[in-house]
Amino acid sequence: MTFYKLIALLCCAPLACAYAQTPCDAQLEHIETLLQNHSPFNDGKILFNAVSPCALEGHAKAENYLGLFYLNSIGTAKNEKEAFKLISSAAQKGHASAQYNLGRMYKYGLGCTINFETAVRWFEKGATHGSSKAAYALGYMYYKGFGVPQNYSKALQWLEQSEDPMAKHYLGLANYLGYGVPANEAKALEVLLDNPAPNSKALVAAIYAEQKAKIAQNATTAIETQAPEAKPIKKEVLMETANELQYYPEDALTLQTILGQWEGKLIEYDWSGKHIQRVMPITVSLTKKDSSNTVAVKAFLEQQTIATTALWQDETLYFKNLQQTVTLNRLYPEQPEKNTLDYNFFSTSLQQYSYNGVTYLMGALDAYIPSWKEYGKPMGLVLKPIGTTSSLSEAALLSLAAQKDQFIKLYPVPFNAQLTVQYQLETAATVSAELVRLNGTESIPILAPTKQSAGDYTYTIPVNTALPEGLYIVRLNAGGTLHTRMLIKDIKN
């Protein structure tokens with residue numbers, strides 16, 4: 001990337017407040033003109049030396065530039081700590097672009113510890129002070145629920161305030177899929193066709209190819225045709241007639257129950273966890289591996305055979321080989337050169353149901369996208385024994401499998417020196433939480449039993465960096481209901 005493009009991308013945003021022209025203002029204007037007229041500009045040392053004196057004087061815009069030079073090795077050695085110091089100083093002076101850049105540093109842990117909540121606060125300040133990129137970044141955080149409760153309406157409010165091409169792209173995608181607004185394909189195309197982002201061009205191509213109709217046919221049927229026998233998930237036995245669907249209490253789900261050959265559907269939801277996006281056929285074989293609770297797992301999905309092992313604990317299968325990737329076609333390709341995305345599957349929690357003598361397993365699958373260093377969208381499983389004839393319609397099965405997003409949100413992933421746990425209580429409850437190594441030999445308390453009212457909660461805990469790397473589980477008990485989520489400790493992080 002040329003220096004001009006880099007600076008145009010990250011730095012050029014209106015200042016929070018106007019001030020009289022100073023020699024440093026003139027110097028920075030000269031540098032920007034130089035870059036515009038001589039792109040690509042290949043001598044970063046000239047830029048670094050020209051900006052440094054003004055940055056040392058505390059000039060906010062110069063501090064922001066110099067911080068980015070340190071961050072991107074322009075005219076100097078890379079130094080994230082110095083970059084953070086300079087950009088933080090500029091941000092605290094109200095410089096909108098620096099506030100956006102500081103939010104990015106907190107989001108990705110550049111020169112600081114990852115902190116999504118702090119990132120959100122700086123994005124909001126930058127957006128309020130006129131940074132179009134900060135408005136996009138804030139909309140993105142609400143869109144996926146990073147550092148804030150997931151909320152499409154708030155996401156769209158901020159995306160609409162941004163002129164950034166990626167903000168326009170997400171607006172088009174939201175209009176196409178009906179996220180936060182009624183689905184409107186014509187409006188989506190109106191936004192996307194005029195957008196220069198390559199992502200939007202790829203999405204338009206997918207729309208014109210009617211990929212949405214082909215991939216989401218089963219999901220659309222499930223959403224629009226709710227069969228009478230489709231029942232909401234409840235923590236109780238559902239008995240209205242002798243043939244009604246029955247939910248078995250959690251203590252009835254044993255390792256022996258889940259062993260065998262299964263077939264069914266893998267369901268991908270949107271970021272809110274409320275809307276089915278696509279449905280993929282899957283077969284699963286679960287075999288006890290030894291005398292412990294280790295299970296051999298073999299699955300066939302999207303023309304791929306997946307073989308791994310898992311530990312059965314807390315009514316959940318925790319997959320041990322997290323480096324194993326599963327490649328899925330992207331539902332709506334947003335990069336012209338990449339129509340697939342690699343996933344790691346961390347775990348799947350299971351529940352058992354019965355209908356007319358047929359046992360069903362329903363699961364929430366925890367997916368992670370290593371290239372993004374982000375959890376993926378919520379996914380669900382609905383399985384029945386291979387060879388059995390189901391009297392439940394597919395619409396009923398998919399409706400039964402409807403789920404919300406994971407109760408616990410964690411970051412960063414992998415974690416090292418710090419871990420943040422985020423959750424939302426709909427009603428008051430006594431809550432406790434701990435971090436447990438998968439083999440059960442290490443346990444770190446996160447929260448002692450505490451009575452909490454309804455609301456959003458976030459806890460950031462320091463972690464001993466000498467703690468062994470490997471697989472860990474966050475176990476959170478809220479009002480007697482156990483919630484778990486798996487993650488990785490990486491000493492190299």
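Author: A salt bridge here is a side-chain nitrogen of Lys or Arg within 4 Å of a carboxyl oxygen of Asp or Glu. This is a predicted model, where local features need pLDDT of at least 70, side-chain atom pairs count only at pLDDT 80 or more, and totals for chains, interfaces and linings use all residues. Residues are numbered from 1 along each chain as its sequence is written, and side-chain values use heavy atoms, with hydrogens and water left out.

Reader: Which residue forms a salt bridge with Lys384?

Author: Lys384 sits in strand β11 (residues 379-385) and its partner in strand β2, 121 residues apart; strands are DSSP runs of E, at least two residues, and helices are runs of H or I, at least four, all numbered from the N terminus. Lys384 counts as buried at 14% relative accessibility, where buried means under 20% relative accessible area, exposed over 50% and partly exposed in between, with a 1.4 Å probe and protein chains only. The closest N and O atoms are 2.9 Å apart, and the partner is Glu263.

Reader: How far apart in sequence are the parts that Glu374 and Lys107 tie together?

Author: Glu374 and Lys107 form a salt bridge, with the closest N and O atoms 3.7 Å apart. Glu374 lies in strand β10 (residues 374-375) and Lys107 in helix α6 (residues 96-108), so the parts they tie together are separated in sequence by 267 residues.

Reader: Is Asp270 buried or exposed, and what is the nearest side chain of opposite charge?

Author: You'll find Asp270 in the loop between β2 (260-269) and β3 (276-288). Its side chain makes polar contacts (N or O atoms within 3.5 Å; within protein, one must be able to donate a hydrogen and the other to accept it, and residues adjacent in sequence count only if both atoms are side-chain atoms) with the side chains of Tyr152 at 2.6 Å and Ser272 at 2.8 Å. For charge, Lys and Arg count as positive and Asp and Glu as negative, while His and the chain ends are not counted. Asp270 is buried yet has no salt bridge, and the nearest side chain of opposite charge, 8.1 Å away, is Lys377.
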